[in-house]
Amino acid sequence: MTEPHTVVICRLSADFAAMSHYLARVSIDLRELDRILTERPETRYVAPPQPAPPPRPVPPPAAQYRPAYPPPPPPRVPPHPPKERSEGWIGKLLAVAGVAVTLIGVVLLLVLAAQAGILRPEFRVAAGAVLAAALVATAWWLNARPGGRVGAIALAATGVAAAYMDVIAITTIYEWVSPPLGLILAAAIAGGGLTLARRWDSEHLGLLVLVPLIGLAPVVTDGITLLLVGFMLALAAVSVPVQLGKDWIWMHAARIAAVAFPLLVALVARHFDSREDLWLAGACGIAALVAIGSALLLLPATSQRGVMALLTGAGVTPVLCVVLAVDHVIAALMAAALAAALLAIVLVGERFPGVPGVVRQVFSALSAVAALIAVTVAFDGEIAGPVLLAMAVVVAMAGRRDVVARWAAVGFAIVGAGVHLSFSPLDTLLAPTEIAMASGISTLVASILLAACAVAIVWSWGPGMRALWVGAAAVIVYAVTSFTVTAGMLVGGDGGFYAGHMVATICWIAMAAALFGYAARLTRAERSVPIGGGLGLVAAAMAKLFLFDLGTLDGIFRVAVFIVVGLILLGMGAGYARLLDKQDKQDDKTVTTTIG
C-alpha cells in the first residue's frame, strides 16, 4: 500500500531542512576561520564576525514520520598515526640464529660424520643437496606469503650456503671433482642465488650469497691460488648486472672485498717467497678494470656516490701494490696506466653520469697517488726528486682552478723536496762536501724546479693567499743557495764552495732589490707584501753575511761579498727613494685628473 502524498512531501521537506541546517553551520565555520585569519598581528584591520543567517523554518512533519536516514556523524581523525611495531628485529634475529645453527648442522653432516664413519659419503652429499634444495624451495613458497619475506631470505641464504658446503665436500674432502670443476659449480650456485636476490629485490640475500663465498672458496682450492683469484674475478664481473639499477652500496663493497682481499694476500705471499708472478699482476689489472667499470655502470643509480668512489679506490689497491710480486718496470707501467685511465675519466667526466662532483675529486686524488707511486717505483732518488718537482709545476699551472689539482701539486712538491733532501741534505751547504757528478747535476736541476714549484703553487692558490709568499720566498732562498754552492763545488772544489756562498749572499740582496723595485711601481695599497719580502731578504742576507760569511769565507771571497753587498744596499737606498717619490707623484696626478 502506498503512502499518502503528504507524508512524502513532509519527508522531503525535512531532508532539505537538514541539508540547509548543515550548510548554514558550514557557513558559520568558514566565517569563523576568516575571522581567525584576519586577526593576525600583521594585519591592520580586523573585520568583526558577521552573524550567521538564521536557519530556515522547518515545516512540522507528520506525527507518524521520523527521518529514515539520519545524517552520519563526522569521522574522527586519530590525533597521532599508529606507531609501527618495533618487534620486527626479533624475527630477523631468530632468522640469523637459524641460519647459523643450520649451517653448523650441515658442517657436522659433511665433515664430522665423515670422520666418525656415519653413513656413506654418497648419502651425506645427497642429504646436503636435498637439504639445500628443500630450503630454497621453502623460501620460494614462503616469500609469496604475507610476512614471510624475512624467513624466505634466511632460508634461501641457508640453502645456497649448504650447496656451497656440498661443493666443498665433493672437491676437497672426497675429491670427486677437480678444483676447477668445483669452482664452476660454486659459480653456478652463486649465480642462481644472485638472480634470486635481484628477483626479490633483496640486497641482504645478495650479500648472504656473495660474502660466504669469500671464506668458503679458499677451502675449495686449499688456499689462495691463482685459480681462486680467477674465480673471484669472474664472480665479481658476473655480479655487476644483478646490481644494475639498484642502490646496493654494500653489494659493491662485498664485490670489491671478494677480489681485493685475496689479491693482496697473494701479493704479500709472493713478496715473502721472492717470486715474480706476471699472471698475478695481470689479475690485479683485471681487478682494477672490474672495480672502475662497475663503478661507472652503477654510479647513476646510487645515492652514495662518494662511498662508491672510495670503494673503487680500494678495488684498485692491488695495482698500486703489484710491485710486491713483479719487476719495478712492470709495476711502474701498471701504476702509470692506472693514473692515466683515472685522469681520462676525470677530464671527460661529463660524459659519465654520476662522475661530476665528489666522484671526480676522489678519482683525481687516486690518479695523483697512482702517478706518485709510478714515479717512486720507476726511478731512484736522484731522478725521482726532479721528476716529482716538475710534475708539481705542471699540475699547479694546468689545474690552478681545481682544488684537488692544487693539493696534488703540493703533495708532489713535498715528496719531491723530501726525496731531493735525502741525497742532498742541508749539511752539504755548511761545509765543503765532495759531490758526485750525477748527484750534483740532479741537485742543480732540482734547485731550479724547486724555485719554480714554489712560485707556481703560490700563484695557483690566487692573490688572496699572500701569506704563502713568505714560505715561497724561503724556498727560493734555499734553492738559490743550493744551486750556487753545488755549482761551485762541481767546478772548483773547496774554493768553489766559498765562491758559491759569496754568490748566494749577493743573489739574496739582488732579489731584495728586485722586490723593492717592483714595490716602487705599485700603488700605496699594494706595496706591503713586496716591501715586507724585501726587508725580510735584506735581514736574512745581513744575518748570513755577519754570522756565516764573515767567519767561514776567507781571502778575496770575504772582501768581495762585503763590497758587493754594501754597494747594492747603497744603490737600493738611493734608487728606491727616487722611484717611490716618482710613483707617488704620478699617482697623485692621476687622482687629481680623475677628480677634475
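1. F546 is partly exposed, at 45% relative accessible area (buried is under 20%, exposed over 50%, partly exposed in between; 1.4 Å probe, protein chains only). F562 is also partly exposed, at 26%.

2. This is a predicted model: local features need pLDDT of at least 70, side-chain atom pairs count only at pLDDT 80 or more, and totals for chains, interfaces and linings use all residues. Residues are numbered from 1 along each chain as its sequence is written, and side-chain values use heavy atoms, without hydrogens and water.

3. There are 4 aromatic pairs (Phe, Tyr and Trp rings, the six-membered one for Trp, with centres within 6.5 Å; planes under 30 degrees apart are stacked, over 60 edge-to-face, the rest tilted). One of them is W407 with W461: the centres are 5.3 Å apart and the planes at 80°, so the pair is edge-to-face. W407 lies in helix α15 (residues 403–423) and W461 in the loop between α16 (437–460) and α17 (468–520), so the pair ties together parts 54 residues apart in sequence (helices are DSSP runs of H or I, at least four residues, numbered from the N terminus). W407 is exposed at 54%. W461 is partly exposed at 22%.

4. F546 and F562 also pair edge-to-face, at 5.6 Å centre to centre and 85° between planes. F546 is in helix α18 (residues 528–552) and F562 in helix α19 (residues 556–595), 16 residues apart.

5. The charged end of R406 sits over the W461 ring, 4.7 Å from its centre (NZ of Lys or CZ of Arg within 6 Å of the ring centre and within 35 degrees of the ring normal). K544 lies over the face of W508, at 5.8 Å.

How values were computed. Helices (H or I, at least four residues) and strands (E, at least two) are DSSP runs, numbered from the N terminus.
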